[in-house]
Amino acid sequence: MSCIVTNNLKKSYGSRVGIENLSMTVAAGELIGFLGPNGAGKTTTIRLLMGLLKPTSGDASVFAQDCWLQSHKVKADVGYLPGDLRLYPWFTAKNALKIFGRVHGKDFSREGERLTQLFDLDPTLRVDRMSRGTRQKLGLVLALAPRPKLLILDEPTSGLDPIVQYKLNTTLRSLADQGHTVFFSSHTLSEVEALCDRVMILRKGKVVANETIASLRDRAKRVVTIFWKDSAAHEKISPPPFLTINQKNSRSWTGTIEADAMELLQWCQDKPIADLSIEQPDLTALFQQYYISPEDSR
Amino acid sequence: MNLGLIQKTVREVWAVTLIFAIGVAFFEGFLTYILPTYFDEFAGHILEIKFVRNIITAMLGSDVGERIGPAAMLSFSWVHPVLLLTLWGQEITFCTRTPAGEIDRGTIDILLGLPVSRLQLYISETIIWLSTGLLLVLVALASHLMVRSFVAENMRLPVDRIFIVALNLYGIYIAFGGIVWLVSALSNRRGKAMGICFALVLASMLLNFIITMWEPAKSIQFLSILDYYRPWQIFQSDAWPVRDIVSLMTTGLAFWLAGAWVFVRRDVCTV
């Protein structure tokens with residue numbers, strides 16, 4: 001079942017285009033990362049999904065309900081954390097959970113209490129006395145407490161320390177395992193790589209990649225270093241087509257492979273090799289290719 | 001209407017409303033006592049000064065003539081600029097909170113992230129606005145009636161007419177509030193919205209004053225909100241100011257609806 005569907009979604013701010021012809025489908029239970037440089041249109045997309053902005057053209061739906069026309073129904077099943085989180089100065093975790101519960105017409109104080117403890121948040125501390133990271137934790141508690149079917153989180157880890165980031169990642173993974181959908185935007189490639197099933201990369205308002213992390217890993221290059229038994233051993237050997245050598249010296253070759261590591265191992269079998277190192281796929285380089293537009297790279 | 005939203009709004013406005021209510025109670029009580037007590041001193045010479053007479057005529061809505069009577073003097077307690085500015089100040093403070101104030105401070109993202117429609121939010125806020133306005137008018141009324149017992153009997157205003165004046169005052173509150181809702185719905189900056197509304201208040205008062213001195217201005221007299229609030233005439237006659245009250249309520253409703261229409265359709269951008 002599809003959780004989020006957008007068709008040729010477009011949002012313009014006067015002459016400036018926020019996003020253009022964005023079509024995507026997010027299945028229920030998916031954990032999807034939404035990546036892109038600043039101004040790519042991530043927040044615009046999220047605000048369209050939350051019914052805060054009206055599409056210029058196209059449409060967006062969540063759980064088969066139109067995000068603009070039926071936004072209040074959509075939001076009944078959505079937990080939302082805005083990118084630039086601002087909370088009421090008089091909010092505490094305790095009173096905010098009570099008010100949010102009343103607005104939702106549900107009592108989620110127990111889940112709120114559990115999350116407050118998990119994120120080590122003082123339930124009676126007022127927002128105007130909180131640090132930025134603590135406010136972010138409260139925002140996350142408020143988004144997660146109703147246990148919504150869909151979580152839309154705009155840069156949720158900003159301002160969080162590594163321990164809380166780890167706890168959040170574990171919580172999100174566990175929610176996705178239970179069938180909840182998580183849609184989150186980020187600048188941090190490593191967290192998307194560690195957490196997500198799928199990644200969508202946005203550049204200048206357009207989707208430039210929409211793939212599973214596994215398929216990205218398959219395509220990402222791995223750095224390989226081959227150490228030869230002696231300096232003369234490799235002189236007559238030429239590298240296979242799938243191996244690009246970047247650096248050669250008397251005892252070793254360093255290069256990258258795009259193929260399966262097994263192919264390289266097979267090729268190595270009858271060669272005078274002393275040692276071999278194959279590093280993890282380098283997704284960063286791959287992401288950067290998507291980030292930089294052809295015009296920028298010229 | 002949403003109980004959670006109402007609870008949030010009450011939590012945010014009760015202290016400010018209390019301060020305004022104390023101000024209204026004090027000022028209305030003070031005027032109710034002071035005007036009849038010093039009636040002779042005021043009435044003797046005050047109208048000889050043309051400028052003051054113009055101001056009083058502008059506030060009361062009719063020329064009081066050469067000699068001011070006790071009723072006209074006491075009815076001034078219901079049109080004094082401080083009382084009106086206190087009421088309007090409260091509603092400018094209140095009605096610019098949402099949406100202008102929420103957008104300005106960025107909290108609208110959290111608020112509209114909740115499962116409520118914009119119309120529900122608008123209506124919930126409106127309920128508290130109408131309630132606080134009613135509270136302030138009732139406080140003014142209660143304060144006037146309490147202090148009235150300390151005033152000489154021949155100086156007292158008739159109680160039934162005081163209630164009608166209070167109702168007319170609430171009409172003024174609703175009419176102006178409707179305008180503030182529309183300005184707020186069109187704005188992203190609360191300070192700007194408040195500035196526009198205060199400018200409208202001053203323009204309305206100024207127009208009333210200009211009318212007393214410049215005949216051609218009478219053609220746009222209907223634009224002044226105080227043209228629909230004339231307590232002295234209410235105290236002088238037995239009739240209900242039906243036209244004024246209906247005009248005020250209709251104006252308030254029309255602007256409020258326009259504000260709702262704008263808010264429901266507009267983009268909400270906080271970044």
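This report describes a predicted model of a complex of chain A and chain B.

## Confidence

The predictor assigns the complex an ipTM of 0.85 and a pTM of 0.87. Chain B has a mean pLDDT of 90, with 95% of its residues at 70 or more. Within chain B, helix H12 (residues 242–265) has the highest confidence, at a mean of 97, and helix H2 (residues 39–45) has the lowest, at 67. Where pLDDT is low, the predicted coordinates should not be read in detail.

## Contact between the chains

On the chain B side, 23 residues are in contact with 20 residues of chain A. Two helices of chain B, H1 (3–37) and H7 (108–111), each supply at least two residues of the side that touches chain A. The most comes from H1(B), with six residues. Sorted by class, this side of chain B has nine nonpolar, nine polar and five charged residues.

## The six-stranded sheet of chain A

Chain A has an open sheet of six strands in the order E6-E7-E8-E3-E9-E10, and the pairing is mixed. Its edges are strand E6 (78–81) and strand E10 (206–212) of chain A; each has a single partner strand, so one side of each is left without a neighbour in the sheet. Neighbouring strands are turned against each other by 15° on average, direction ignored. Strands of a sheet pair through backbone hydrogen bonds, either parallel or antiparallel. For strand E9 (residues 198–203) of chain A and E10(A), the sense is antiparallel, over six bridges. Met200(A) has Asn210(A) in E10(A) as its bridge partner.

Two helices lie across strands of this sheet. Helix H5 (residues 132–144) of chain A lies across E6(A) and strand E7 (150–154) of chain A, and runs at about 170° to E6(A). Helix H10 (residues 283–291) of chain A lies across strand E3 (31–35), E9 and E10 of chain A; the angle to E9(A) is about 35°.

## The four-stranded sheet of chain A

An open sheet of four strands in chain A has the order E12-E13-E11-E14, with antiparallel pairing. Strand E12 (243–248) and strand E14 (273–278) of chain A are the edge strands; with a single partner strand each, they have one side left without a neighbour in the sheet. From one strand to the next, the twist averages 25°.

Strand E11 (residues 222–228) of chain A pairs with E14(A) over five bridges, in the antiparallel sense. Here Thr225(A) has Ser277(A) in E14(A) as its bridge partner. Helix H9 (residues 261–268) of chain A lies across E11, E12, strand E13 (252–257) and E14 of chain A, and it runs at about 175° to E14(A).

## Helix packing in chain B

Helix H5 (residues 81–95) and helix H8 (residues 118–148) of chain B pack with their axes 10 Å apart, at an angle of about 165°. An angle over 145 degrees counts as roughly antiparallel, so H5(B) is roughly antiparallel to H8(B). The crossing of H5(B) past H8(B) is right-handed. H5(B) contributes Leu83(B), Leu87(B), Gln90(B), Glu91(B), Phe94(B) and Cys95(B) to the contact, while H8(B) contributes Trp129(B), Thr132(B), Gly133(B), Leu136(B) and Ala140(B). By class, these residues are seven nonpolar, three polar and one charged.

Helix H3 (residues 50–60) and helix H10 (residues 190–213) of chain B have their axes 8 Å apart and pack at an angle of about 120°. H3(B) and H10(B) are therefore oblique to each other. H3(B) also passes H10(B) in a right-handed crossing. From H3(B), Asn54(B), Ile55(B), Thr57(B) and Ala58(B) meet Asn208(B), Phe209(B), Thr212(B) and Met213(B) of H10(B). The residues of this contact are four nonpolar and four polar, with no charged residue.

## Backbone exceptions

Most residues other than glycine have a negative phi, and most peptide bonds are trans. Ala64(A) is not a glycine, but has a positive phi of about 65°. This residue is in the loop between strand E4 (57–62) and strand E5 (65–66) of chain A.

In chain B, the peptide bond from Thr98(B) to Pro99(B) is cis, with omega near 0°. Pro99(B) is placed in helix H6 (residues 97–105) of chain B.

Note on methods
Residues are numbered from 1 along each chain as its sequence is written. Chains are lettered from A and ligands numbered from 1 in the order in which they are written. This is a predicted model: local features need pLDDT of at least 70, side-chain atom pairs count only at pLDDT 80 or more; totals for chains, interfaces and linings use all residues. Two residues are in contact if their C-beta atoms, placed from the backbone, lie within 7 Å. Ala, Val, Leu, Ile, Met, Phe, Trp, Tyr, Cys and Pro count as nonpolar, Asp, Glu, Lys and Arg as charged, and the others, Gly among them, as polar. Axes are lines fitted to C-alpha atoms, for helices over the stretch in contact, and angles run from 0 to 180 degrees between N-to-C directions. Angles under 35 degrees count as roughly parallel, over 145 as roughly antiparallel, 65 to 115 as roughly perpendicular and the rest as oblique. A crossing is left-handed if the near helix is turned anticlockwise from the far one by less than a right angle, and right-handed if clockwise. Two strands pair if DSSP finds at least two bridges between them. pLDDT is the predictor's confidence in each residue, from 0 to 100.
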